[in-house]
Amino acid sequence: MNGPQHYREAERLAERAHHFTYGDGADPVVGAALAAEAQAHATLALAAATAMQAAVDGSEPGMGSGEFAAWYEVAGVKRGERG
């Protein structure tokens with residue numbers, strides 16, 4: 001799962017959490033579990049988005065090129081495929 005997919009999953013789970021917390025037949029335990037899972041996906045999406053903005057050309061502080069390449073791989077992005 002890449003960063004954008006984590007973001008979309010977080011949105012989907014947050015909506016379901018709201019439904020279970022406040023909707024018809026509310027089940028706050030299920031709502032809380034879904035909200036926690038949504039938060040985990042949102043955090044992973046944020047980590048991927050943050051990593052994609054790190055400088056690697058030496059013009060400003062940032063992560064080294066090896067670490068940056070590893071983040072590209074983890075985020076499911078091909079080199080040169082930003083944005």
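## Burial and surface

Of the 83 residues in the chain, 25% are buried, where buried means under 20% relative accessible area, exposed means over 50%, and partly exposed is in between (1.4 Å probe, protein chains only). The chain exposes about 5700 Å², and carbon and sulfur atoms supply 57% of that area. Accessible areas come from the Shrake-Rupley method with a 1.4 Å probe, and for residues only the protein chains shown count as cover.

## Model and confidence

This is a predicted model, in which local features need pLDDT of at least 70 and side-chain atom pairs count only at pLDDT 80 or more, while totals for chains, interfaces and linings use all residues. Residues are numbered from 1 along each chain as its sequence is written, and side-chain values use heavy atoms, with hydrogens and water left out.

The mean pLDDT of the chain is 80, and 71% of its residues reach 70 or more; pLDDT is the predictor's confidence in each residue, from 0 to 100.

## Overall layout

The chain has 3 helices and 0 strands. Helices (H or I, at least four residues) and strands (E, at least two) are DSSP runs, numbered from the N terminus. Along the sequence the pattern reads α-α-α.

Contact means heavy atoms within 4.5 Å. Of the contacts in the chain with a separation of 6 or more, 39% are between residues 24 or more positions apart.

## Helix 1

Helix 1 covers residues 3-22, which is 20 residues. From its first C-alpha to its last it reaches 28 Å, close to the 28 Å expected at 1.5 Å a residue; the expected span is 1.5 Å times one less than the number of residues.

Which residues of helix 1 are buried? They are Gly 3, His 6, Glu 9, Ala 10, Leu 13 and Ala 17. These residues lie on the same side of helix 1 because they cover an arc of only 110° around the axis, the arc being that of the directions from the helix axis to the C-beta atoms. On the other side of helix 1, Glu 15 and Tyr 22 are exposed.

## The salt bridge

The structure holds 1 salt bridge, defined as a side-chain nitrogen of Lys or Arg within 4 Å of a carboxyl oxygen of Asp or Glu. Side chains of opposite charge can pair when their charged atoms come close. Here the side chains of Arg 12 and Glu 9 meet, at 2.8 Å from N to O.

Arg 12 and Glu 9 are separated by about one helical turn, because they are 3 residues apart in helix 1. Glu 9 is among the buried residues of helix 1, whereas Arg 12 is partly exposed, with a relative accessible area of 41%.

Asp 27 is in the loop between helix 1 and helix 2. Its relative accessible area is 31%, so Asp 27 is partly exposed. Asp 27 and Ala 17 are 10 residues apart along the chain, and their C-alpha atoms are separated by 9.4 Å.

Helix 2 spans residues 28-52. It has 25 residues and reaches 36 Å from its first C-alpha to its last, close to the 36 Å expected at 1.5 Å a residue. Its buried residues are Gly 31, Leu 34, Ala 38, His 41, Ala 45, Ala 48, Ala 51 and Met 52.

His 6 lies in helix 1 and counts as buried because its relative accessible area is 12%. Leaving out residues up to four places away in sequence, His 6 touches Met 1, His 41, Leu 44 and Ala 45. His 41, in helix 2, is buried at 14% relative accessibility.

Beyond its neighbours within four places in sequence, Ala 38 is in contact with Ala 10, Leu 13 and Ala 14. Ala 38 and Glu 11 are 27 residues apart in sequence but 7.0 Å apart in space, C-alpha to C-alpha. Another pair is Ala 35 and Arg 16, which are 19 residues apart in sequence and 8.2 Å apart in space, C-alpha to C-alpha. Ala 35 is in helix 2 and is partly exposed, at 36% relative accessibility.
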